[in-house]
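Q: I have just opened this model and would like to learn how to read it. Could we go through a few features together?

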Amino acid sequence: MADSTHGSTGPYSDGPTGSGGLADAIAALMPRAKADLAELVAIPSVADPRQQPPQECRRAAQWVADAFSEAGLSDVRLAETPDGSHAVLGYRPPPPGAPTVLLYCHYDVQPPLDEAAWASPPFTLTERDGRWYGRGTADCKGNIVMHLTALRALGDGIPVGLKFVAEGSEEQGTGGLESYVAQHPEEFDAQALLICDTGNAAVGRPTATTSLRGLANVVVTVSTLRGDMHSGMYGGPAPDALAALIQLLASLRDPDGGTRIDGLDCSGTWTGAPYDEEHFRADAGVLDGVRLTGTGSVADRLWARPAVTVLGIDCPPVVGSAAAVPAEARARVSLRVPPGMDPESARTALSAHLKAATPWGARVSVEAEGTGSPFRAATNGPAYGALGRAMNKVYGRPMEFLGQGGSIPLCNVLAQTFPRAEIILIGVEEPQCLIHAPNESVDPTEIEHMALVEALFLREYADHPPG
């Protein structure tokens, strides 16, 4: 993994535009950034009301609204979305002839999961070995602080118009903001849309995410008997529903462990930045001696091909299980869908495969869950050009393009609503952050460097606006 270099002492140096002073300003703002992030992390803004009181999300939303009002945005307000969450919206009018940029982030976070697995309290910002730990430090409160630091460094010299939105239910996936965008498109219309909920390929390795996989989930239920039967009296000829389900799920993978679904092309290739296998093994926490599944490059398997995962199984637990042949078992199956593949067609193929592969004439039903479309960004416009120049100045190396295995449904809504806008995905969430897992953290140099990238991007884009 590449070494990181701190702000004004790193590869970026002052140039004829005098923007080296911007690097110094951002470096001087980092203690404030840490204090801001500590306040935000202390608010347990989990959007699920079964896990945290709803007022915690409202408190985080108000914190964000107050901070961005102070940072120079006007008409900052909380807007209720159709799922009941609140989006924070703000605006700054453009100087004459300047373009407008949308800045996105989200203030809700994943639940801490197993708090015993945390080395420090999840809702207390804790510094260890140069990293800042706590739920949301990277995803996505670190990106909120990145935005704030960039805007504070620019001060009154923000050279473009700004529209700002902080989402309140992104981690829940309940679609509140997507629905709100469809109802109020004028509030999000901009020439460049900066979606800050991703990150670099590694610390110090400048990257824009240009590809997101879509999603198609199903629940499959296998039934073989009218009820569970004593395994001593009936086991053998009596068809075991759990064994049938296991055989059925095994049919979704080839001998190398790669996804194999009848009717789907599972041979795509990735043309962007590679993902080194050893780095992937470390990032994913693969145990020593365990082989990766599938064939082809890691990037091919991760970003260019469909990928099936068994998310959960309903069956008798080991503790308390009876000596009985199971009559029914079910599983939740997730299919990640690469760009260029229709998620509805993929789900249809998955359902057909499951029904055709069910053994022994067992009864099978496949219940469809939600789908999400994949996304691929167009990267040949002036905003990407400005971003590349900013990345190169800050990190001293060219920007690379990365894929993401996850889904951000908002990107597709924005692409459909504003087909001429450039959508850019960047942020502070590099692989060591362990987003969604215990011990989430952020490298503060990524906040510092990416705040400088954002500030320089706004200047570069103002100097080279879309025609």
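This is a predicted model: local features need pLDDT of at least 70, side-chain atom pairs count only at pLDDT 80 or more; totals for chains, interfaces and linings use all residues.

Q: Are helix 3 and helix 12 parallel, perpendicular or oblique to each other?

A: To judge a helix pair, look at the angle of packing. Helix 3 (residues 141-154) and helix 12 (residues 444-463) pack at about 50°, and their axes are 8 Å apart. Angles between 35 and 65 degrees count as oblique, and helix 3 and helix 12 are therefore oblique to each other. Their crossing is right-handed.

Q: Which residues of helix 3 and helix 12 meet?

A: On the helix 3 side, the residues include Gly-142, Val-145, Met-146, Thr-149 and Ala-150. Their partners in helix 12 include Ile-447, Met-450, Ala-451, Glu-454 and Leu-458. Overall, this contact divides into 10 nonpolar, three polar and two charged residues.

Q: How many residues does the largest nonpolar core have?

A: That core has 95 residues, and Val-64, Val-101 and Phe-457 have the most contacts inside it. Apart from it lies another core of 25 residues, with Val-220 and Leu-248 among them.

Q: Which residues of helix 4 are buried?

A: In helix 4 (residues 176-183), Gly-176, Leu-177, Glu-178, Tyr-180 and Val-181 are buried. These buried residues pack against several elements, including strand 1 (74-80), strand 6 (161-167) and helix 11 (409-417).

How values were computed. Residues are numbered from 1 along each chain as its sequence is written. Side-chain values use heavy atoms; hydrogens and water are left out. Axes are lines fitted to C-alpha atoms, for helices over the stretch in contact, and angles run from 0 to 180 degrees between N-to-C directions. Helices (H or I, at least four residues) and strands (E, at least two) are DSSP runs, numbered from the N terminus. Angles under 35 degrees count as roughly parallel, over 145 as roughly antiparallel, 65 to 115 as roughly perpendicular and the rest as oblique. A crossing is left-handed if the near helix is turned anticlockwise from the far one by less than a right angle, and right-handed if clockwise. Contact means heavy atoms within 4.5 Å. Ala, Val, Leu, Ile, Met, Phe, Trp, Tyr, Cys and Pro count as nonpolar, Asp, Glu, Lys and Arg as charged, and the others, Gly among them, as polar. A nonpolar core is a set of buried Ala, Val, Leu, Ile, Met, Phe, Trp, Tyr and Cys residues joined through side-chain atoms within 4.5 Å. Buried means under 20% relative accessible area, exposed over 50%, partly exposed in between (1.4 Å probe, protein chains only).
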